[in-house]
Amino acid sequence: MKGYSFILILLLGCCTTSLFAQGKAKTIQLEKGQVLDILLLNDAGNDAAKQKYFKEAYPVAQKHGYQPGAGWAVKEIPFQGNQHPELFVTGSWPSVAARRAGLSALEKEVDDFHGQRRTVWTNFQITYFELPEAVAITTDPAKYYVATMFWSAAEKPFGQFLEKWEKQQKQHGGTPLLTLTEGTSPFGYHHNPDYLTITEWPDEATFRTFLEKDRAADHTGVNHLSQFRIN
């Protein structure tokens with residue numbers, strides 16, 4: 001977890017570290033048509049490279065409407081799948097067009113933009129979603145939150161699987177706060193699950209009861225999954 005406070009001071013705009021702090025409520029509130037970035041990050045521990053990157057990159061992104069969002073740590077071993085990011089971070093843009101313009105400007109104005117990212121993070125995966133409707137969620141530090149991502153093997157059985165999986169989650173006490181589909185991963189940053197959701201659970205024990213049954217369930221239609229706690 002070394003360097004996290006420094007990353008978030010810069011990544012979340014030098015003024016919103018409380019959105020990442022433990023024991024704090026965290027909110028995502030966006031309008032229809034805005035773009036939500038989901039970033040999965042692992043820190044390389046190079047503070048000098050971080051400082052250079054954010055000093056150069058953040059003002060350019062901000063000019064094109066980029067806004068930092070809530071961020072969560074991923075401290076525990078993943079429940080399912082082989083991905084283990086250290087940070088689950090969000091950001092937003094006014095539109096897809098604004099995001100494209102911002103990236104183009106970053107590539108032109110920031111020296112070796114993508115190379116700098118590879119120096120700062122050993123893992124940097126992005127999926128962004130153009131929101132079909134407004135989103136307003138808040139996480140409660142007294143509850144338990146799990147991010148789950150699925151990749152489809154075949155459309156019809158995958159849809160049938162999701163219908164059953166969502167129903168079972170609710171039956172076991174899980175409340176989906178955010179569900180995202182039809183994302184895009186930029187070239188070089190591929191992640192792009194077919195389905196991403198953040199589920200709120202009353203406590204860890206309630207989730208663990210569901211997890212035990214889910215691990216034994218039929219996952220026909222699912223090519224891959226990734227699941228971990230965000231806190």
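Is R99 buried or exposed, and what is its relative accessible area? R99 is buried, at a relative accessible area of 7%; buried denotes under 20% relative accessible area, exposed over 50%, and partly exposed the range in between (1.4 Å probe, protein chains only). The model is predicted: local features need pLDDT of at least 70, side-chain atom pairs count only at pLDDT 80 or more, and totals for chains, interfaces and linings use all residues. Residues are numbered from 1 along each chain as its sequence is written, and side-chain values use heavy atoms, with hydrogens and water left out.

**View 1. Salt bridge between R99 and D37**. A salt bridge is a side-chain nitrogen of Lys or Arg within 4 Å of a carboxyl oxygen of Asp or Glu. Here the N to O distance is 3.0 Å. The pair links distant parts of the chain, with R99 in helix α3 (residues 96-109) and D37 in strand β2 (residues 35-43), 62 residues apart. Helices (H or I, at least four residues) and strands (E, at least two) are DSSP runs, numbered from the N terminus. D37 is buried, with 5% relative accessibility.

**View 2. Network of salt bridges linking D43, D47 and K50**. Within this group, the side chains of K50 and D43 meet at 3.1 Å, N to O. Both K50 and D43 are buried.

**View 3. Salt bridge between E204 and R208**. The N to O distance for this pair is 3.2 Å. E204 and R208 are separated by about one helical turn, because they lie four residues apart in helix α6 (residues 204-215). E204 is partly exposed, with a relative accessible area of 35%, and R208 is partly exposed at 36% relative accessibility.
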